[in-house]
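Please look at the sequence and the structure before reading on.

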Amino acid sequence: MISRPVFATVTIASLFAAAVTLPMSGCAMTDALEVSAFLPPPPVVESAVDADETAWLRGKELREGERLQEASFDSQKVSARWIEAMMTPVLGREINKTATPALHALIKSSLKAAKHVSRGAKGRFYGRLRPFAVHPEDETCNREVRDDLNAKASYPSGHTTAVWTVGLALSAAIPEKAGAILDRAYRAGDNRWICGHHWKSDVDAGRALASATYAKLSADPDFQAKLRAAREEFAQSN
């Protein structure tokens, strides 16, 4: 298993607990104003900025071998297909619209909510430069993807918001695989700062945004029905 840097470690249990215990009030997040009610702006305190710089330097060191391959894969555009390809080896079976329609529907629903709230947050905090804009000499782990990114849309990490929201949903649908699902989703977030496409604090904010998004989704009867259907589908395929 790929090792995780000590300074980037947050317990999976604490993040999952945050997702299911956040109060519903203030988490509707239908626009940027509601997002800004609980998500703080990006760091401006010197010590916090220094921590991001330290993580960026550490990320460059980690861009090799298996971790580089994984980080490069995780740099592609957010989509259900990307999540399904990521989670197929984790779940031990092919995950796609045809083979697992209920899981696909759950992933699509989770992604839709995550993308919506992420756009609101980007609008509220638009303007933070990405690491490669501050350090133009950095090729990142995927130069082609880097050149397609908006250099002024670093905070929060939309990829992290998406993958952590879906990870929480899949872990609820398939609790027997929760540890492996959340571990892979967590690494996908970390790979954003390892790649140099985001600062570490962007990723931390993305997870917080995802936790609030999932808390809101959990109160939706239609989403609960999708969870049950995905759970039943996975159980029947065993």
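With which side chain does the side chain of Asp138 make a polar contact? The partner is the side chain of Arg63, at 2.8 Å. The model discussed here is predicted.

**The loop between H7 and H8**

Asp138 sits in the loop that runs between H7 and H8. Asp138 counts as buried because its relative accessibility is 3%, and buried means under 20%. A second residue of interest, Thr140, is found in the loop between helix H7 (131–134) and H8. Thr140 is not a glycine, yet its phi is positive, at about 65 degrees. With a relative accessibility of 11%, Thr140 also falls under the 20% limit and so counts as buried. The backbone nitrogen of Thr140 is 2.9 Å from a polar atom of the Asp138 side chain. The side chain of Asp138 therefore has polar atoms placed by both the side chain of Arg63 and the backbone nitrogen of Thr140, under a cut-off of 3.5 Å for a polar contact.

**Salt bridges**

Side chains of opposite charge can pair when their charged atoms come close. How many salt bridges does the structure hold? There are 16 of them.

| Salt bridge | N to O distance |
|---|---|
| Arg184 and Glu70 | 3.9 Å |
| Glu70 and Arg187 | 2.8 Å |
| Asp147 and Arg146 | 3.3 Å |

Glu70 takes part in a salt bridge with Arg184, with the closest N and O atoms 3.9 Å apart. This pair links distant parts of the chain: Arg184 belongs to helix H10 (residues 178–195) and Glu70 to helix H4 (residues 65–73), and they are 114 residues apart. Arg184 and Glu70 are both buried. Glu70 also forms a salt bridge with Arg187, at 2.8 Å between the closest N and O atoms. Because Glu70 is in helix H4 and Arg187 in helix H10, this pair ties together parts that lie 117 residues apart in sequence. Both Glu70 and Arg187 are buried. These residues belong to a network of salt bridges that links Arg67, Glu70, Asp74, Asp183, Arg184 and Arg187.

**The cis peptide bond**

Which peptide bond is cis? It is the bond from Tyr155 to Pro156, with omega near -10 degrees. Pro156 is located in the loop between helix H8 (143–148) and helix H9 (158–173).

On the surface, a patch of positive charge brings together Lys77, Lys97, Lys108, Lys115 and Arg119. Of these residues, Lys115 has its place in helix H6 (residues 101–125). Lys115 is partly exposed, its relative accessible area being 35%. Pro101 is found in helix H6 as well. With a relative accessibility of 44%, Pro101 counts as partly exposed. The C-alpha atoms of Pro101 and Ala229 are separated by 9.4 Å, although the two residues are 128 residues apart along the chain.

Key
Residues are numbered from 1 along each chain as its sequence is written. This is a predicted model: local features need pLDDT of at least 70, side-chain atom pairs count only at pLDDT 80 or more; totals for chains, interfaces and linings use all residues. Side-chain values use heavy atoms; hydrogens and water are left out. Patches are made of residues with over 30% relative accessible area and no salt bridge: like charges are joined within 9 Å, nonpolar side chains (Val, Leu, Ile, Met, Phe, Trp, Tyr) within 5 Å. Accessible areas come from the Shrake-Rupley method with a 1.4 Å probe; for residues, only the protein chains shown count as cover. A salt bridge is a side-chain nitrogen of Lys or Arg within 4 Å of a carboxyl oxygen of Asp or Glu. Lys and Arg count as positive and Asp and Glu as negative; His and the chain ends are not counted. The place of a charge is taken as NZ of Lys, CZ of Arg, CG of Asp or CD of Glu. Helices (H or I, at least four residues) and strands (E, at least two) are DSSP runs, numbered from the N terminus. Buried means under 20% relative accessible area, exposed over 50%, partly exposed in between (1.4 Å probe, protein chains only). A polar contact is a pair of N or O atoms within 3.5 Å; within protein, one must be able to donate a hydrogen and the other to accept it, and residues adjacent in sequence count only if both atoms are side-chain atoms.
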